[in-house]
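Here is a short report on one structure.

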Amino acid sequence: MSGAGGGAGSGEDKGVTMRVEVDVPKCVASGQCVMIAPDVFDQREEDGIVVLLDERPASELHADVRESAVVCPAAAIRVVEK
Amino acid sequence: MKHVVVVGASAAGLAAVETLRREGYEGTLTLIGDEPYHPYDRPPLSKQILGGQWEPDRVPLRSAADLDALGLDLRLGVTATGLDLAGRTVALADGARVPYDGLVIATGVRPRRLPGDGAERAHVLRTLDDALALRDRLGPGRRLVVVGAGFLGAEAAAVASGLGTEVTLLEPAPVPLAPAVGERVGRMLTRAHHDHGVDLRTGVMVAEVADGGVRLSDGTLVEADEVLVAIGSVPNTGWLEGSGLPLGDGLECDEYSAAAPDVYGAGDVARWHNPLFGTAMRIEHRTNATEQGMAVARNLLSPEARKPFAPVPYFWSDQYDFRIQAHGWLRGHEEVAVVEGALEERKFLAAYRSGDRVAGVLAVGMPPKAVRTWRQAVATRAAWRDAVGELVPEGA
Ligand SMILES: Cc1cc2nc3c(=O)[nH]c(=O)nc-3n(C[C@H](O)[C@H](O)[C@H](O)COP(=O)(O)OP(=O)(O)OC[C@H]3O[C@@H](n4cnc5c(N)ncnc54)[C@H](O)[C@@H]3O)c2cc1C
Ligand code: SF4
């Protein structure tokens, strides 16, 4: 993502488990999540709706996933951390 | 920094407070909003809410628990009425004075209205309450006049006609949205209205809202049971008058989105210099509100490492059975070329040229990878010659 600052706060956070939830009917196919965290999100070929690739992403991806959740223009991504 | 105040509790304000916390800010964080609701999302208002597919419980941007976890001093249903820049305090309508060392202004815009005897009863579409009030009045046997065929008016017209409402859409320009998307795409939108039975009348100036309809500038009355006025918006900067902050078309900010030391603007209300396109812009798009809210939070917290806010603007709009998506800065473009697909099939990708660069791209019904590739051309300010080649110009 250009402009909005890029690098999110903390890089790796070992020991924290993350679960990602997407509310598919809310998704507006903007592709912001795919541009920020391509290992975790993709878009359906036919209509661009989000596809969750990795429900429990590794710690080095956490910052990007949190960034995606904030940026998502449909508030369709929720991150649960323990 | 011990006390940050964010005025405007919507997309931009929420992104700012969330980002402040995520970046480790632990001081007092006051979020002030004049609407009585938790931050909610506006794009669904003219889509799923107006159409009745969603109830209001679908639009909050965050759950109450997630908001709670931010540890906010949340003041909803309270209007900010003034700013003392030198004394660093925000005045509220309830008499409170809130001190700050950092301020984010995210008060958005409000709908422009029309004069006339019926003006009080005319609808606008900005808030949840607006959407619910209009939705109540739609359906078979009802006549709706929509004034303004911009994206908002067009979306509302499409949804209303889908509910069986008889819809007349009035637009002063000969081709709706031509300055924004070009004539050919504008004409494609015109055809979509006609195909769906919406009576789009172009080149029509509305003078006022009368009793029982709208009065055109030539005196004709266009009858309607309900009128929706969708003729653009006005930045909410009234509370900043006399504060010394630069106000013009919105709050005037620099490339860092700052309006004064430790005072930043974000979202629909803020006009700033976007260095990527080398021009000042004020953008009324959902994604920009979030990105700018995030950017100003970071700049506020790290003054020594401030970054210019240089996004590729993005918006989408749902019209009937298709979705428009656009990346970049299309305004003032000099040429449009359909580079993939075909307009007639409502599956295409159009590139927009300003100077010798690809300034933007607009897509309908195209695979996401193709759209992202073209967005990249905009983000890297690719030369038109390299990206589009020597296509025969097809008119702007
Ligand atoms: C019906 C509708 C459909 C839309 N559809 C799309 C779409 O499909 N795609 C797209 O990209 N964009 C769309 N948008 C635009 C998008 O919703 C806006 O860009 C976004 O809401 C801007 O967020 P913001 O936080 O900057 O401002 P706003 O959402 O306007 O929020 C500003 C908040 O500040 C409050 N406020 C104002 N003055 C004061 C004050 N003095 N004191 C306290 N609070 C104050 C306001 O009441 C409001 O709650 C749509 C907008 C609407 C209304
Ligand atoms: S960012 Fe949100 S709206 Fe955009 S594709 Fe991802 S989930 Fe969908």
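## A strand residue in chain B

B:Ala337 lies in strand 25 (residues 335–342) of chain B. Helices (H or I, at least four residues) and strands (E, at least two) are DSSP runs, numbered from the N terminus. B:Ala337 is buried, with a relative accessible area of 1%. Buried means under 20% relative accessible area, exposed over 50%, and partly exposed in between (1.4 Å probe, protein chains only). B:Tyr352 is 15 residues apart from B:Ala337 in sequence, and their C-alpha atoms are 6.6 Å apart in space.

This is a predicted model: local features need pLDDT of at least 70, side-chain atom pairs count only at pLDDT 80 or more, and totals for chains, interfaces and linings use all residues. Residues are numbered from 1 along each chain as its sequence is written, chains are lettered from A and ligands numbered from 1 in the order in which they are written, and side-chain values use heavy atoms, with hydrogens and water left out.

## A helix residue in chain B

B:Ala295 belongs to helix 8 (residues 286–301) of chain B. B:Ala295 is buried, at 6% relative accessible area. B:Thr220 is 75 residues apart from B:Ala295 along the chain, and 49 Å separates their C-alpha atoms.

## Two arginines with positive phi

Most residues other than glycine have a negative phi. B:Arg88 is not a glycine, yet has a positive phi of about 50°. B:Arg88 sits in the loop between strand 4 (80–84) and strand 5 (89–92) of chain B. With 27% relative accessibility, B:Arg88 counts as partly exposed.

B:Arg381 is not a glycine either, and has a positive phi of about 55°. The loop between helix 9 (368–379) and helix 10 (384–388) of chain B holds B:Arg381. Is B:Arg381 buried or exposed? B:Arg381 is buried, with a relative accessible area of 19%.

## Chain A and the cysteines

Chain A has 2 helices and 4 strands. Along the sequence they run β-α-β-β-α-β. Of the 82 residues in chain A, 50% are buried.

## Cavities

There are 5 cavities of 30 Å³ or more. On a 1 Å grid over the protein atoms alone, a cavity is a set of points where a 1.4 Å probe fits but cannot get out; lining residues have an atom within 4 Å of a point. The largest cavity holds about 110 Å³ of space. Its lining has 16 residues, and those closest to its centre are A:Lys26, A:Ala74, B:Asp41, B:Pro44 and B:Trp54. By class, that lining has 10 nonpolar, 1 polar and 5 charged residues. Ala, Val, Leu, Ile, Met, Phe, Trp, Tyr, Cys and Pro count as nonpolar, Asp, Glu, Lys and Arg as charged, and the others, Gly among them, as polar.

The second largest cavity has a volume of about 90 Å³. It is lined by 15 residues, with A:Cys27, A:Ser30, A:Gly31, A:Cys33 and A:Cys72 closest to its centre. Ligand 2 sits in this second largest cavity, meaning that more than half of its atoms lie within 2 Å of the grid points. The shell around ligand 2 has 8 nonpolar, 3 polar and no charged residues.

Notes. On a 1 Å grid over the protein atoms alone, a cavity is a set of points where a 1.4 Å probe fits but cannot get out, and a pocket is an open set with protein on both sides within 12 Å along at least five of seven lines; lining residues have an atom within 4 Å of a point. Grid points are joined across faces, edges and corners, and a volume is the space filled by probe spheres set on the points.
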